[in-house]
Amino acid sequence: MRIYEPEDDVTRGDIFVISAPSGSGKTTICRALIERVEGLSLSVSSTTREKKPGEKDGVDYYFVDEEKFGNMLNSNEFLETASVYGRRYGTSRRAVEAIVSKGLDAILEIDVQGGASVKAAVPEAVRIGILPPDWETLRARLTGRARDSRKEIARRLAAARREIKELGNYDYLVVNDDLETAVRQVEWIVRARRLRRERTIGAVGRILGKEGEKRDGSSNG
Ligand code: 5GP
């Protein structure tokens with residue numbers, strides 16, 4: 001039998017993909033999660049869409065033009081990319097690696113196309129889908145957001161339908177009926193994941209240790 005050593009613990013962090021249709025409270029949930037759970041870091045994406053009021057370059061996104069995005073794509077800088085409402089978005093391979101190699105968990109707040117690509121590239125990535133309580137609530141949330149035009153709302157609703165369907169393939173689904181409950185549920189998923197065998201197996205070695213084994217005279221070979 002293989003004896004597990006304390007250093008067997010996988011010290012790399014995990015990748016958590018969080019996706020949701022627009023209006024499901026994904027951004028709010030992610031922000032609350034980062035504040036509440038230690039050792040989490042949000043991966044900042046690059047996008048070709050224009051900066052909205054209040055957004056900061058390098059914080060919300062890296063805002064780049066089509067040419068720069070194309071160059072980054074050609075240089076294989078992206079772990080995944082997607083087009084959302086005609087704009088391009090991409091997750092930096094290096095940024096995610098910088099997070100997980102430090103033992104921190106990376107949060108990727110990306111759409112379902114990106115979620116599928118990340119899962120294909122990194123099968124152990126954990127995908128969490130945030131769902132609205134029902135269709136009417138989603139519609140009301142989208143309609144109530146003053147910053148979006150009617151055309152934009154209609155487009156988002158159509159996209160939401162497709163996205164919700166795709167979220168059915170995710171590992172975990174959280175219904176955002178009550179914000180606090182939803183944040184807590186996402187927190188449980190992250191914390192439970194940190195207890196998985198690969199990240200904690202070293203405990204077996206620490207408890208049994210070589211000395212303990214000699215003392216008990218066990219030899220399971
Ligand atoms: P927004 O423009 O409203 O910030 O984002 C539009 C959609 O693009 C959201 O669903 C958001 O999660 C998604 N998104 C943001 N960054 C990325 C990314 O790097 N990759 C992918 N695939 N989607 C992204």
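## Residue N176

N176 sits in the loop that links strand 9 (172–175) to helix 7 (179–194). Helices (H or I, at least four residues) and strands (E, at least two) are DSSP runs, numbered from the N terminus. This is a predicted model: local features need pLDDT of at least 70, side-chain atom pairs count only at pLDDT 80 or more, and totals for chains, interfaces and linings use all residues. Residues are numbered from 1 along each chain as its sequence is written, and side-chain values use heavy atoms, with hydrogens and water left out.

N176 counts as buried because its relative accessibility is 5%. Buried means under 20% relative accessible area, exposed over 50%, partly exposed in between (1.4 Å probe, protein chains only). N176 touches S24, G25, I29, I130, L131, P133, R141 and A182. That list leaves out residues up to four places away in sequence. Contact means heavy atoms within 4.5 Å.

An open sheet is built from 5 strands in the order 2-7-1-8-9, with parallel pairing. Strand 2 (40–42) and strand 9 are the edges, each pairing on one side only. Two strands pair if DSSP finds at least two bridges between them. On average, neighbouring strands of this sheet are turned by 25° against each other, direction ignored.

Strand 1 (residues 15–19) pairs with strand 8 (residues 126–131) in the parallel sense, over 4 bridges. Here S19 stands opposite G129 in strand 8.

## Helices on the sheet

Helix 3 (residues 93–101) packs on the sheet. Helix 3 touches strand 1, strand 2 and strand 7 (105–109), and its direction makes about 145° with that of strand 7. Helix 4 (residues 112–121) also packs on the sheet, touching strand 1, strand 7 and strand 8. The direction of helix 4 makes about 155° with that of strand 1. Axes are lines fitted to C-alpha atoms, for helices over the stretch in contact, and angles run from 0 to 180 degrees between N-to-C directions.
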